[in-house]
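Thanks for making the time, everyone.

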Amino acid sequence: VLFLQIVHILNMTSAKIVSFLLHPEESLHSLQNRIEFETGISTGNQELLLETGICLDPRKPASQCVIDGVRGWDSYMVYLFDKSKTVYDGPFASRSLSDCVNYIVQDSKIQLPIPQLRKVWAEAVHYVIGLKEDYSRLFQGQRAAMLSLLRYNANLIKMKNNMVSASQQLKAKLEFFHQSIRLDLERYSDQMAYGISSEKMLKAWKEMEEKASQCAQAEDIGYLDEQIMALHTEIVELQKSPYARRQGEVMESLEQRAIDLYKQLKARPPDHAYSDSTDMVKIIVQTVQSQDRVLKELFGHLSKLLGCKQKIIDLLPEIEVALNNIKEADNSVMQMQGKRQREIWHLLKIACTQSSSRSLVSSSLEGTASTPAATWLPQGCSGNSAPHPLSSLAAPEDGENFADMIRENVNYLELFSSILQEVRQEQNSMMVS
C-alpha cells in the first residue's frame, strides 16, 4: 500500500476532484484517456498543470504528477483546465451537508442533548473547514493558471524582442541599401557618356530599388507591437488585482469561531442539559455565503487569466510569421547588395581591361612610327647633317631590320585584335547577366 501512487485531479471547470491509482510505468496519454472518461474533456483539450504552473510533459510517464517524499503524498493536486473554454461559469454549488448537520440547519433552535450535540457540531466544524479547503484548492488552481500565463508571457516577450531586433536590423540594412544604390545610379549616369553602359544592368538596378521598397513592408510590426503592449498591460493589471491574492480571511475567521464554539461545548459536563445550535448554524450560513462570494470573484478573475492566455496563443503564430517575413526580406536585400557589388567589380574589370588595351596599342603605334625613321637614317649621322646621296639605298643589313619590324607589328596587331575580342565577349556576358 505504501508504494501505491495516487494522483488527484482537480477539475477547474466543475470544481470536483477525481483520483486515479497510477499503474507502474503508465504513460501520460493513458492517464489522459482515463481523465476523459471521468470528466468528458477530450485529451486534445486537456491542460494539466502542476502547482508551479508547469504543464505536464507528454514524453514523461504519468508518475510525474506525484512528488517524491512524505510531504503531500496524498494531497498533491494536479489542476485540469479545458483549453476549449476561456470563460468558466462558477461559482459552483458548495459541498453537500451531512444529514445531521442538515438537521440543525433546517431548525437551529431545536434542543439536543450535549453528547449528541457534540457529534453534530463536530461534523459542522468539519463542514466549515471543508468549505475553506475547497476554496484554497481552487485558489491554488487559479494561481497555477497565473503562473502558466506568466510563462507564456515570458515566451511572448522573448519572441517580441527578437522580432523588434530583427526589424531594426532590416530597417538599417534597407537605409544603407537605398543610399548606396542611389549613389551607384548617380555615378553610373555620370560615366555613361564616356565609359561603359548597359541598359539591362541599369534596369536591373532600378528593379532592385523597387524590390527593396517592397521589403520595407516586412519591417512594419507596429500593429503587433501595439497588441503585445496592450496585452502586457492587461496582464500587469491582473497581477495587481486584489482577486489575484487569497480572499479567504473571512472563511478562516469563521473556521476559528466554529472550532472555539466546539471547544466550549466540549468543555461542558455531559449532564442531562440540552442546548440549541443557533450560533453554529450562523457560522455555517456565513461560511457558505462567504464561499459563494469569493468563488464568484475567483472564477471571474480566472476567466480573465485564461482569456489573456488565449490571446498570447493566438499572437505567437503571427509573430512567427512576421519573423519569417523579416528574415526573408533581410536575405533578399543582402542578395541584391551582393549582386550589385559583383556587377560593379565586373564593370571595373572591363574598364581596366580597356585601359590596358589602349595603353598597349598607343605604345605599339609609337614604336612603329619611330622605328622606320631610325632604320632609314645612316649610321653615325646626326639630325643636322645632310643625308648622303647614297644613303637612301637599302643595304643588305637594312633589309633584314625592316623585315623584323614588319613581323613585330603584325604580332602587335594580332594581340590587339584578341584583346578587343575578349572585351566584346565580357560586355556581352555582363548584359546577359
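What follows is a short tour of this structure, with the cut-offs given as the terms come up.

Please keep in mind that this is a predicted model, in which local features need pLDDT of at least 70 and side-chain atom pairs count only at pLDDT 80 or more, while totals for chains, interfaces and linings use all residues. Residues are numbered from 1 along each chain as its sequence is written, and side-chain values use heavy atoms, with hydrogens and water left out.

Let me start with the whole chain. The protein has eight helices and six strands, where helices (H or I, at least four residues) and strands (E, at least two) are DSSP runs numbered from the N terminus. Along the sequence, the pattern reads β-β-α-β-β-α-β-α-α-α-α-β-α-α. Of the 433 residues, 36% are buried, and here buried means under 20% relative accessible area, exposed means over 50%, and partly exposed lies in between, with a 1.4 Å probe and protein chains only. Among contacts with a separation of 6 or more, 82% are between residues 24 or more positions apart, a contact being heavy atoms within 4.5 Å.

Now to the cores. A nonpolar core is a set of buried Ala, Val, Leu, Ile, Met, Phe, Trp, Tyr and Cys residues joined through side-chain atoms within 4.5 Å. The largest one has 77 residues, and the members that touch the most others are Met12, Phe81, Trp121, Leu156, Met163, Met280 and Leu302. Elements giving two or more residues to this core include strand S4 (77–82), helix H3 (114–191) and helix H7 (278–376), and H3 gives the most, with 26 residues. The core draws at least three residues from each of domain 1 (6–82) and domain 2 (99–355), with bounds that come from an automatic or database domain assignment.

What is leucine 302 in contact with, leaving aside its neighbours within four places in sequence? Its partners are Met12, Phe81, Tyr88, Gln142 and Ala145. There is also a second, separate core of 18 residues, which includes Val7, Ile9, Leu22 and Ala62.

Turning to charges, the structure holds 13 salt bridges, each defined as a side-chain nitrogen of Lys or Arg within 4 Å of a carboxyl oxygen of Asp or Glu. Aspartate 184 and arginine 340 form one of them, at 2.7 Å from N to O. Because aspartate 184 lies in helix H3 and arginine 340 in helix H7, the pair ties together parts that are 156 residues apart in sequence. Aspartate 184 is buried at 17% relative accessible area, and arginine 340 is buried at 1%.

Arginine 137 is partly exposed at 26%, whereas aspartate 134 is buried at 19%. Both belong to a network of salt bridges that links Arg95, Glu133, Asp134 and Arg137.

Finally, helix H6. Its buried residues are Met251, Leu254, Glu255, Ala258, Leu261 and Leu265. Seen down the axis of H6, these fall within an arc of 125 degrees, so they line one face of the helix; the arc is that of the directions from the helix axis to the C-beta atoms. The face turned away from the buried side of H6 carries the exposed residues Lys263, Gln264 and Ala267.
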